[in-house]
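Here is a short tour for anyone opening this structure for the first time. Have a look at it, then read on.

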Protein chains: 2
Amino acid sequence: MNPFLDVPADSGFGLHNLPYGVFSHGDGGARVGVRLGDYVVDLAALETHGLVAAAGAGRAPVFSQPALNAFMALGPDAWSAVRERLQDLLSDSGDPALREGGAVREAAVLPLADVTMHLPARIGDYTDFYSSRQHATNVGTMFRGPENALKPNWLHLPVGYHGRASSVVVSGTDVVRPSGQTRPDDDAPPTFGPSKRLDIELELGFFVGPGNELGDPISISDADRHIFGFVLVNDWSARDIQKWEYVPLGPFLGKSFATSVSPWVVPYEALAPFRVDGEPQDATAGNPEPLPYLRQRGPRALDVDLEVRLQTSSMDEGGEVVAQTTARNLYWSPEQQLAHHTVNGCNARPGDLMASGTISGEDPGSYGSLLEMTWSGKNPLSLPGGETRTFLEDGDRVTITGEARRDGVAVGFGEVTGRVLPPRP
Amino acid sequence: MNPFLDVPADSGFGLHNLPYGVFSHGDGGARVGVRLGDYVVDLAALETHGLVAAAGAGRAPVFSQPALNAFMALGPDAWSAVRERLQDLLSDSGDPALREGGAVREAAVLPLADVTMHLPARIGDYTDFYSSRQHATNVGTMFRGPENALKPNWLHLPVGYHGRASSVVVSGTDVVRPSGQTRPDDDAPPTFGPSKRLDIELELGFFVGPGNELGDPISISDADRHIFGFVLVNDWSARDIQKWEYVPLGPFLGKSFATSVSPWVVPYEALAPFRVDGEPQDATAGNPEPLPYLRQRGPRALDVDLEVRLQTSSMDEGGEVVAQTTARNLYWSPEQQLAHHTVNGCNARPGDLMASGTISGEDPGSYGSLLEMTWSGKNPLSLPGGETRTFLEDGDRVTITGEARRDGVAVGFGEVTGRVLPPRP
């Protein structure tokens, strides 16, 4: 299966991937497209020309909208049908309607460099989990000591909390350093000012598909039918604000100033070849078996390589790799997260975003936050040119990339990037 | 100022109130109306007939929509102008266009009993605060003992957390008893099943008006221009689920199965006569003065009487009053909550809901949750007919009502009610 467009054989954006995003081009409105190599194929144009009909012939269009919500709502049968149709239309040996389409090809195939990407969905609710065991252990060790690192509930349920949906932004959006209340000295009153411990969190997120009605949980065996696809997430965090505010109701302003997501949503189906066993959730690994509503059959983890690059204002484009890890380090899977989230009857809606929580591996080079990499600022990172970092400084750019690669098949996530702007005066 | 419709002189729904809501009638779509006595005046009809123009003549209509968001976005000058216009149109001595309007009056004035009420807004984000000192002290005492009841941050900032927006429902919606993971025995593994400690939380909520762009906080002195109006909130809570899950990231599934709001949004302006001094936030009351960004001038509290009624399946309509309290018991004001929420740059959007947290007074008859009324189930409530309650049983109905009354002026909130349905099999 080869694309008719010029796409390098080892590209993570070949016909095996076909991630969806929302883009605009010139004066046109934002609409849905699919990425192939360094091209964007305009699905609104294909829909208008009758080449793709996601909702079935004669139904309302879903791609000429500035969000993927309507397509997400259609569910896995529609997603598979569109994916198959696109693979056919975009290959060098399938339906020639687009390939040899003249005007439609002209209109629908755009260079990636010419488009502006937008948030992929209207996010009704954003939930952040805490599903990497090493991350929870690291944070717990720093805050409470090693003997009390994992709280008693952690191995029994995917701990999570409600995040702020309004401040989820698309990759490329600059992030203003937040100000807030902190208490640097435990024996003095709190003070107000710009955060001094601005951090990142490397996460993998997913968008919900059809979702459920209030009162009707999604079972673990049905959960895969409700996961549309995946993005990279940087859940920016102000550790000093978070530390002072978070007891007893959890993170709030230490997080809600910005959460960045990558623009291309990698379809759930595209990641099927990268499913692998996770850490066993049973006595063979010394872990408690989850309650039945969380017991998942088959491979639970995703073999996606993840990388964090930090580029200070004095560095060249690209910056320095400061962490390399993998989504295999997640103990709780997306399916388990969704089954847990709805087991009380809570309704999930198309376009809801759920993120994994920071993903950290066992060695310090695989930690997904500066809090962990510098062990709460005690061990500064050494960067080229003699620079060091504990937390982020103004002008720093953080870029997270992701790619799954196996048996000659590559699926890229692209990147989520953002630069720190100085605090508002 | 007397209404031309038949409204009792002591009604909380006279021309001083004029709350907004979203209703439907017969086969018509949901649209915005205003309540006057036991009538609903259809603002979409008034807008269509040119009697009201919220956004200015010739602008897009805001009332023929199934949510108040567009009107909320217009800001306080537009709200005041519409309110004044409605008071004129609805009085027995003002503009006769509606009063003597024949067909328009016939179309626009509907009996309250004939309409169905809907959620007043599309809620982008829902935030729940924890602003009643007595409630925080009660809960802290039960969980951590009296010497450690209020956490060190509580008197310095309005503690809050992100709630779940998808499961906010309008008054009258039944609530399915949630199931979930709990650990009744600290020395045994957790178990799964219907919550055994289903509770209510009596709260006052507000809807955000224009809101702010990401990165640009709303100052405490501007906050009043961003508060559209108030509703009653019942933040249903499953205490057993909450207890097991909430450390360290806060309440999640113990809350997200349902949050009920009253359908009529009482305008911010209508409550101006009921502003009163709150507990002093300075040394005169032994309290720390807040940081400048939280210092509010003028009266901070709202003199709104609140009542909780519990009706078991064996009781007559109306049930038994189990709590009476007042919104004066809130230490942190809506303006302070909004200034705090956005001080880190977090953006608030039209239609966002922010609730006060449980409102409790000093004596047990004024506690806003069963957790407090029964002191964690230790002191069951005695109800008529020999019934008792620690937490809610299936078939129980909870109704919260609110009213502000002073110097012959009354402003009613109506009610938020809901009945507990048995857990799904």
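## Where the two chains meet

Let's start with one pair: B:Arg424 and A:Asp216 join their side chains in a salt bridge, with N and O 2.6 Å apart. Keep in mind that this is a predicted model. Between chain A and chain B the count of salt bridges comes to 6, and there are also 32 residue pairs in polar contact, both residues being at pLDDT 80 or more.

Which elements of chain A give two or more residues to the side that touches chain B? They are strand 6 (126–129), strand 7 (160–162), strand 10 (179–182), strand 11 (191–194), helix 6 (239–245) and helix 7 (334–342). Strand 7 of chain A gives the most, with 3 residues. Sorted by kind, the residues on this side of chain A are 27 nonpolar, 19 polar and 10 charged.

## How much is buried

The size of an interface is often given as the accessible area lost when the parts come together. Here, chain A and chain B bury about 5,400 Å² between them, and 62% of that is on carbon and sulfur atoms. As for who takes part, chain A brings 56 residues to the contact and chain B brings 56 residues.

## A mixed sheet in chain A

Now for chain A by itself. It has an open sheet of 5 strands, in the order 9-26-25-20-21, and the pairing is mixed. At the edges stand strand 9 (175–176) and strand 21 (320–326) of chain A; each has a single partner strand, so one side of each is left without a neighbour in the sheet.

Further in, strand 25 (residues 397–406) and strand 26 (residues 409–421) of chain A are antiparallel partners, paired over 10 bridges. If you want a spot to look at, find A:Arg397, which stands opposite A:Arg419 in strand 26 of chain A.

## An antiparallel sheet in chain B

Chain B has an open sheet of 5 strands too, ordered 4-3-2-1-5, with antiparallel pairing. Why is one side of strand 4 (109–111) and of strand 5 (116–118) of chain B left without a neighbour in the sheet? Both stand at the edges, each with a single partner strand. On average, neighbouring strands of this sheet are turned by 50° against each other, direction ignored.

Strand 2 (residues 31–36) and strand 3 (residues 39–42) of chain B pair in the antiparallel sense over 4 bridges, and B:Gly33 stands opposite B:Asp42 in strand 3 of chain B. Helix 3 (residues 76–90) of chain B lies across strand 1 (20–24), strand 2 and strand 3 of chain B, and runs at about 70° to strand 1 of chain B.

Technical notes
Residues are numbered from 1 along each chain as its sequence is written. Chains are lettered from A and ligands numbered from 1 in the order in which they are written. Side-chain values use heavy atoms; hydrogens and water are left out. Two strands pair if DSSP finds at least two bridges between them. Contact means heavy atoms within 4.5 Å. Buried area is the accessible area (1.4 Å probe) that two parts lose on being put together, summed over both. A salt bridge is a side-chain nitrogen of Lys or Arg within 4 Å of a carboxyl oxygen of Asp or Glu. A polar contact is a pair of N or O atoms within 3.5 Å; within protein, one must be able to donate a hydrogen and the other to accept it, and residues adjacent in sequence count only if both atoms are side-chain atoms. Ala, Val, Leu, Ile, Met, Phe, Trp, Tyr, Cys and Pro count as nonpolar, Asp, Glu, Lys and Arg as charged, and the others, Gly among them, as polar. Axes are lines fitted to C-alpha atoms, for helices over the stretch in contact, and angles run from 0 to 180 degrees between N-to-C directions.
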